[in-house]
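This report describes the interface, the pocket and the salt bridges of the model shown below.

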Amino acid sequence: MLNYVKSEWYRITHMKDMYVFTGILSVLSVIFNVVLFLFSKMDVGFPYGTVSFSLSFLAADMTLLFLTGAIIVALFFTNNKNGVMKNAVAFGISREKIFIGKGIVSAVASLCSLVVILAAYIGSAVLLLEQGVASDAIPGLLKGIASLLVMAVAAEVLAVALFDYFENNVTGYIVWYLVISVVPKLVNLLGLRFNVLKRIASWMPANYLNNEVMINMSGWSALWDTPEGVAKCLISGGIGLLVFVLAGMRLCRRQEV
Amino acid sequence: MENIIETKNLTKQYKDCTALEHADIIVQRGEIYGLIGANGAGKTTFLKLVAGQSFPTKGELMLFGTHEQKEQERQRKRTGVIIEQPGFYPQLSIEQNMEYYRIQKGIPGKRAIEETLKLVGLWDVRKKKGKTLSLGMKQRLGLGIALIGEPELLLLDEPINGLDPAGIIEIRNLLRRLNQEKHITIVISSHILSELEQLATTYGFLEKGHLMEQISARALQEKCGNYLEMKVTDTERFTVLLEKQMSHDRYLVLEDGTVRIFNPGQEVERYSAAAGKNGIGILSMAMKQCTLEDYYMNLKEEGKKHA
């Protein structure tokens, strides 16, 4: 598997695409802060020209992290179409190893990309904008990202499994969205009637990010502010990762390529 | 001789069709095994099963003497493949694609890339991106990827597709050289039967998922021999005459009405005499050497007759 991981890493670092993708998102995040900066310069009473507002854009909806991971997989790790996966299988690399190898490389590549984008996003916010209501917005955001990183990897691993399983990326994305977003909401709904489901629903990221994160212009209050909240994020991420890895291995085991 | 591939009752069923049915195919070490069949005959299905890209519905597949799936996966490191289309990344250059597979196969040293690219004639254009390659170059790159790491078994599905005549000759000579000098066993499918005829040492004829016959090139030559080609004024009556009066059912009627009589024996004039006696005029008559294509067509016709 190590050889497969190395070859995928070689590929991803030798193709322009990942750099272009990271560059585009970095530039977009800088443009976002530049727009806020210009608006606050043009209008002295403009309340949104602050670091805390800028960063709340991501902090208030951390599912963006999951979505970006899925986009990275869809763009750079669905190699069924050009016959490359067929070769890997024919060369004796098991489907499970391919799946896990892809999961590892996509997670590491996404993490590298995230570091660059965050540097551009937070850096430009700090350079251009006022502090705002929440003085600890930067550590708050970073703590939130760190707490949800395992879940972000789990969501990415799920994307690897589904995009490989369904030949059509659109179908893969729909199923991914159902699992990540719609199923938790359904369980939450059923939880209104059944207590067991209510408890399960409260451990699903789509639900706790919706119910236990209150980040807006009045202030920052997020579940990862407390050690229990961080633990909840990490444990649910760990469970998600385990479930999606096992499900992915089962999906790919007898898959025809 | 060692059997590299051995299948027993190998069957592959897709939802609504049987792509391969009860196929008993044996490929021995050192052979160039030509898979012959029309589209949908089961050639690619067979290659995909051997390559581990799909799984048999029924039957047994032995690869390098093992039928255990995990062990077969390990043994597949000894194979190189081009199935359906050469698999490579269009955004990477030829050399980068080769490097990708060199790392993946765990081949030490970059020298293997240079040697393989020189072998398939792509060394001088190694900086070209995959997306800018012509069809022929893509095939060569696919072959290069299959060859890197000196495999013992090559599975090639239509490897000369898209090559120009010079390229076809080059690849044919390369495959022959690999087989003779490096003793690589090759399983090759192609629609161009004249190509296979020049290359293969054993043939497997597939028709609608069934293996009609497996025969060595030498045995085929002996079995096939000559045929008598006759054009007559009344083909239908002539074929009745052949079967009823002369008890000869090894014949084939071509689309233009020409009748090919296989293994006609020494006295070919008895056919013209019988036609004349029954008032059937002879427009032309000639003895010809049977080609692989003739043999295949005859086999297909016989298959239809017995169906």
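How many residue pairs are in polar contact between chain B and chain A?

## Polar contacts and salt bridges at the interface

In this predicted model, 14 residue pairs are in polar contact between chain B and chain A, both residues of each pair being at pLDDT 80 or more. The count of salt bridges between chain B and chain A is two. Glu256(A) and Lys12(B) form a salt bridge across the contact, with their closest N and O atoms 2.7 Å apart.

## Extent and composition of the interface

On the side of chain B that touches chain A, the elements that contribute two or more residues are helix H1 (43-51), helix H2 (69-75), strand E6 (79-82) and helix H3 (94-105) of chain B. The most comes from H3(B), which supplies seven residues to this side. Sorted by class, the side of chain B that touches chain A holds 13 nonpolar, twelve polar and nine charged residues.

Taken as a whole, the contact involves 34 residues from chain B and 31 residues from chain A. The area buried between chain B and chain A is about 2,800 Å². Carbon and sulfur atoms give 52% of that buried area.

## The largest pocket

The largest pocket has a volume of about 660 Å³, and 27 residues line it. Of these, Leu25(A), Leu64(A), Thr68(A), Leu114(A) and Ile117(A) lie nearest the centre of the pocket. Two or more lining residues are given by each of helix H2 (16-42), helix H3 (51-59), helix H4 (63-76), helix H6 (95-128) and helix H7 (137-165) of chain A.

Which element gives the largest share of the lining? That element is H6(A), with nine residues. By class, the lining of the largest pocket divides into 21 nonpolar residues, five polar residues and one charged residue.

## Salt bridges over the whole structure

Over all chains, a search of the whole structure finds 26 salt bridges. One pair that meets in a salt bridge is Arg29(B) with Glu152(B), at 3.4 Å from N to O. Arg29(B) lies in the loop between strand E3 (26-28) and strand E4 (32-36) of chain B, and Glu152(B) lies in the loop between helix H5 (135-147) and strand E7 (153-157) of chain B, so the pair ties together parts that are 123 residues apart in sequence.

Conventions:
Residues numbered from 1 in each chain as written. Chains lettered and ligands numbered in written order. Predicted model: local features only at pLDDT ≥ 70, side-chain atom pairs only at ≥ 80, totals over all residues. Heavy atoms only, no water. Contact = heavy atoms within 4.5 Å. Buried area = accessible area lost by both parts, 1.4 Å probe. Salt bridge = Lys/Arg side-chain N within 4 Å of Asp/Glu carboxyl O. Polar contact = N/O pair within 3.5 Å; in protein donor to acceptor, adjacent residues only side chain to side chain. Helix = DSSP H or I, 4+ residues; strand = E, 2+ residues; numbered from the N terminus. Nonpolar A, V, L, I, M, F, W, Y, C, P; charged D, E, K, R; others polar. 1 Å grid on protein atoms, 1.4 Å probe; cavity = no way out; pocket = protein on both sides within 12 Å on 5 of 7 lines; lining within 4 Å. Points joined across faces, edges and corners; volume = space filled by probe spheres on them.
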